[in-house]
Amino acid sequence: MSEELKPVEIIDSPVYMNYSFAAGRATSNFLRSIKEGKLVGQRSSITGKVIVPPRGSDAETGTPTFEEVELPDTATVIMFTVVYIPIPNSKVQPPFIVANMVLDNSDQTFIHLVSGCKNEDVKIGTRVKAVWRDKSEWAYSFNNIEYFQPIAGEAPVDIDALRAKRLKEVEAFKHA
Amino acid sequence: MANSPASAQHDDDVLRDGFELGFTYTRSVGPVIGAFLTGLRDGKIVGIKGSNGKVICPPTEYDPQTSEELSEIVNLPSTGTVKTWSWISQPHKKHILTQPFAWALIQIDGADTSLLHKVDAGSEANMKTGMKVKVRWADDRRGFITDIACFEPA
């Protein structure tokens with residue numbers, strides 16, 4: 001058989017690492033809630049800020065967080081990028097937008113897709129709302145939200161002003 | 001992985017799931033390792049002649065002592081001698097062999113260095129340092145170390 005075959009020049013050399021991922025109590029509660037179509041964060045008793053998805057502690061002060069806070073599914077785009085390479089095994093076609101957003105009444109950004117609009121229409125400060133997948137598809141996953149879509153009729157907000165407003169709001173929840 | 005036995009020891013409040021992180025690398029093998037893998041695919045073992053005339057198998061691209069670039073490929077038989085070994089009583093999924101076996105350093109006849117591979121000897125009692133072994137070739141060979149399914153007592 002060697003006569004017809006070329007010398008070996010390349011080999012497959014994949015590396016697969018199989019983890020068992022434990023979400024932790026706080027994130028487990030977040031995932032249980034999102035399975036029901038609800039977004040639940042946690043408030044730091046020290047800073048008053050709301051963290052979502054919650055990790056059970058406040059990274060700013062290193063203290064545990066306990067108070068759960070239900071949040072709306074509307075958010076503001078803080079940063080975004082237009083992606084020109086496809087996501088493997090995804091229906092999402094490039095160019096698409098991946099944005100860093102902050103949910104209303106929360107203080108920590110998260111990353112998700114922004115779609116359902118022209119890419120050119122997305123700005124820093126664009127107001128968006130979650131587009132949920134069909135309820136039958138809901139799992140323990142942030143992907144229950146297919147993407148965030150700009151809210152028609154809402155003008156982009158000034159994110160510096162938004163930050164200042166939030167910092168004032170969280171004062172009320174700060175540990176005395 | 002999703003139902004690892006460890007999960008039973010933890011409280012049920014915590015969600016767990018399997019997560020596979022994969023890197024689908026390919027790598028170029030160069031002329032020397034390439035010759036070795038090509039040989040395996042074709043059912044042959046090759047080594048390479050070192051600066052001091054000793055035969056290195058599996059072949060290296062450079063002499064281990066002098067760092068001189070090597071190129072003289074040497075054909076070798078598919079038999080050898082177990083130099084040292086370790087018995088694996090509970091094979092892992094990635095070991096391919098499902099029955100207990102030995103990892104062994106095998107000096108191919110005509111070579112001066114040893115090759116790490118498996119020996120399917122049936123039981124630990126059949127393993128012995130200095131025992132003669134021969135290659136059991138895999139049915140489907142593609143130019144990879146697993147083209148040698150394992151060695152077996154000769």
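Strand β8 (residues 74–83) of chain A runs antiparallel to strand β11 (residues 127–132) of chain A, and 3 bridges link the two. Strands here are DSSP runs of E with at least two residues, helices are runs of H or I with at least four residues, and both are numbered from the N terminus. Two strands count as paired if DSSP finds at least two bridges between them. Within β11(A), A:K129 is the bridge partner of A:T74. β8(A) has another antiparallel partner: 8 bridges tie β8(A) to strand β9 (residues 96–103) of chain A. Across that pairing, A:T81 sits opposite A:V98 in β9(A).

What holds strands of a sheet together? They pair through backbone hydrogen bonds, in either a parallel or an antiparallel way.

A quick word on the ground rules. This is a predicted model, where local features need pLDDT of at least 70 and side-chain atom pairs count only at pLDDT 80 or more, while totals for chains, interfaces and linings use all residues. Residues are numbered from 1 along each chain as its sequence is written, chains are lettered from A and ligands numbered from 1 in the order in which they are written, and side-chain values use heavy atoms, with hydrogens and water left out.

In chain A, 3 strands make an open antiparallel sheet in the order β4-β3-β7. Its edge strands, β4 (50–51) and β7 (67–71) of chain A, each pair on one side only. Strand β3 (residues 39–43) of chain A is joined to β7(A) by 5 antiparallel bridges, and A:G41 faces A:V69 there. Chain B has an open sheet of 3 strands too, in the order β4-β3-β5 and with antiparallel pairing. There the edges are β4 (55–56) and β5 (73–76) of chain B, each pairing on one side only. Between β3(B) and β4(B) there are 2 antiparallel bridges, and B:I48 has B:I56 as its bridge partner in β4(B).

Here are some of the paired strands side by side:

| Strand pair | Bridges |
|---|---|
| β8(A) and β11(A) | 3 bridges |
| β8(A) and β9(A) | 8 bridges |
| β3(A) and β7(A) | 5 bridges |
| β3(B) and β4(B) | 2 bridges |

How many helices and strands are there in chain A? Count 2 helices and 12 strands. Chain A has a radius of gyration of 21 Å, well over the 16 Å from the globule rule for 176 residues, so it is more spread out than a compact globule. That radius is taken over C-alpha atoms, and the rule is 2.2 Å times the number of residues to the power 0.38. Along its principal axes, the C-alpha trace of chain A spans about 80 × 40 × 35 Å.

Last stop: B:G43, in the loop between α1 (30–41) and β3 (45–49) of chain B. Is B:G43 buried, partly exposed or exposed? Its relative accessibility is 26%, so B:G43 counts as partly exposed. With a 1.4 Å probe and protein chains only, buried means under 20% relative accessible area, exposed means over 50%, and partly exposed is in between. Not counting residues up to four places away in sequence, B:G43 touches B:W137 and B:R141, where contact means heavy atoms within 4.5 Å.
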